[in-house]
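Let's take a walk through this structure together, one pairing and one packing contact at a time. Have the 3D view ready as you read.

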Amino acid sequence: MLEIRPYKFWFVTGSQHLYGEETLKEVADNSKKVVEGLNNEGNLPFEVEFKEVLTTSNDIHALMLKANSDENCAGIITWMHTFSPAKMWIAGLKTLQKPLLHLHTQYNRDIPWDSIDMDFMNLNQAAHGDREYGFIGTRMDVSRKVVVGHWQDEIVTGKISSWMKTAVAVSEGSNIRVARFGDNMRNVAVTDGDKIEAQIKFGWVVDYYGIGDLVEEMNTISDEEVANLYSEYEKLYELPAEASEAGHVRDSILYQAKIELGLKSFLKKGNYTAFTTNFEDLHGMKQLPGLAAQRLMAEGYGFAGEGDWRTAALTRFMKIIADNKGTSFMEDYTYHLEPGNEMILGSHMLEICPTVSATKPKIVVNPLGIGGKEDPARLVFDGRGGDAVNASLIEMGGRYRLVINEVKAEQPQIDTPHLPVAKVLWKPEPSLSEATEAWIYAGGAHHTVFSFEVTTEQLYDFANMAKIECVVIDKDMNLRQFRNELKWNEAIYR
């Protein structure tokens, strides 16, 4: 699986010298215990590192500069244990370029009713200090996550954990590099876009390569390497009976193995973490990558078809959040419109990631029907059931909109013996008709990223960090209000 840096999150506490050195020492001791508790008992996906108690504008500014330059710092967690005058934070917050979480907590959970005095009040006044700090964040329009509650509460640590995963994905943005083999599908609007703006906004690098560049790399792959990978296929998947002997079916699977090895080698050499293909750009190749693309997605690579580089990058981004579990490139393909049981069948020509599978994948070889090439091998399986999200990132003429639909997936119960592609079934919230109307009004694409692991809150946090528009279609959506929201957002984000 693709690896990411050993990220950490810096924990800093705000205070001031008004209370004296003894109080500041206690503030530091309490802060260290909070961090120790978060690391030992919070079940966090990344380590929290206590840095210091900040009491001056210069110290705050200096620490933020250090955070910006530290490649392993994925974000800052701030807490105002005492009152921390917020003018001190202006220069630092203006400088900070990393994700920010404002933890509004206090060291003690309960008020010590029998012993509470003014010394206790002055020390434990996050209720005071965090509101002052919160004001300046709002006044300066600082993108941040606010989490409220006692630091030992599982709900609080759960929110911190969720935010951490999104912050790491944002920090990894500069490492999301998309290799485009061929251009986007001709005459398709939604898969096109401004690659420079994507790099400015998200840090995503998108590079073009002719399909011949991939073919050259494939030609360096030995028959022995292909045979070894084929043996791996036999252990992991069900293969057709025809594959046991020489012929068309076996040759097709072997060719996908050669594509996979060539693709992986090419991506590694260029430090690419995502890629696109296009059935219209296959000169020099016998097949469109199917099985090869599916297996690379299962290793954590981002992917999208028809040259859709933006969705390929979003796939990689969401796989980082999901730790590469239960997340795939997807396409809304066809509807089941039975009254009271309306649902969407999601699939693609070939390339759905097996991390969403409920069944052991089978390798099949069937005609593609488009592209004019040989029959490609691909993995076929049924997607599992459960709560999930379907997300689309689109361009709206100089700005981005993230469209999220919460869905309930269902594992298919009826066989589809003539459908030679992986399939996922889901019911969109609040209903197929309302959700689809809202999706179309919002301009959501037909290509999406589908995930059982990534949450709406995590994607909303991403949009907040990147300062892009985000709209959510869920069980509470009111279509009239949703359409008005789109109009309001036109004014806000334009």
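This is a predicted model: local features need pLDDT of at least 70, side-chain atom pairs count only at pLDDT 80 or more; totals for chains, interfaces and linings use all residues.

The strands involved here are β6, residues 177-181, and β8, residues 274-276, which pair in the parallel sense over three bridges.

Now step back to the sheet around that pair. Four strands make up an open sheet, running in the order β7-β6-β8-β9, and their pairing is parallel. At the edges you will find β7 (205-209) and β9 (302-304), each of which pairs on one side only. From one strand to the next, the twist averages 20°.

What packs on the sheet? Helix α12, residues 309-321, does, and it touches β6, β7, β8 and β9. The direction of α12 makes about 150° with that of β9.

Next, let's turn to a pair of helices. Two packed helices are described by the angle between their axes and the distance between the axes. For helix α8 (residues 211-218) and helix α10 (residues 248-269), the angle is about 105° and the axes lie 8 Å apart. Because angles of 65 to 115 degrees count as roughly perpendicular, α8 is roughly perpendicular to α10.

Which residues meet where these helices pack? From α8 come Asp213, Leu214, Glu217 and Met218, and they meet Tyr255, Lys258, Ile259, Gly262, Leu263, Ser265, Phe266 and Lys269 in α10.

Methods. Residues are numbered from 1 along each chain as its sequence is written. Side-chain values use heavy atoms; hydrogens and water are left out. Two strands pair if DSSP finds at least two bridges between them. Helices (H or I, at least four residues) and strands (E, at least two) are DSSP runs, numbered from the N terminus. Axes are lines fitted to C-alpha atoms, for helices over the stretch in contact, and angles run from 0 to 180 degrees between N-to-C directions. Contact means heavy atoms within 4.5 Å. Angles under 35 degrees count as roughly parallel, over 145 as roughly antiparallel, 65 to 115 as roughly perpendicular and the rest as oblique.
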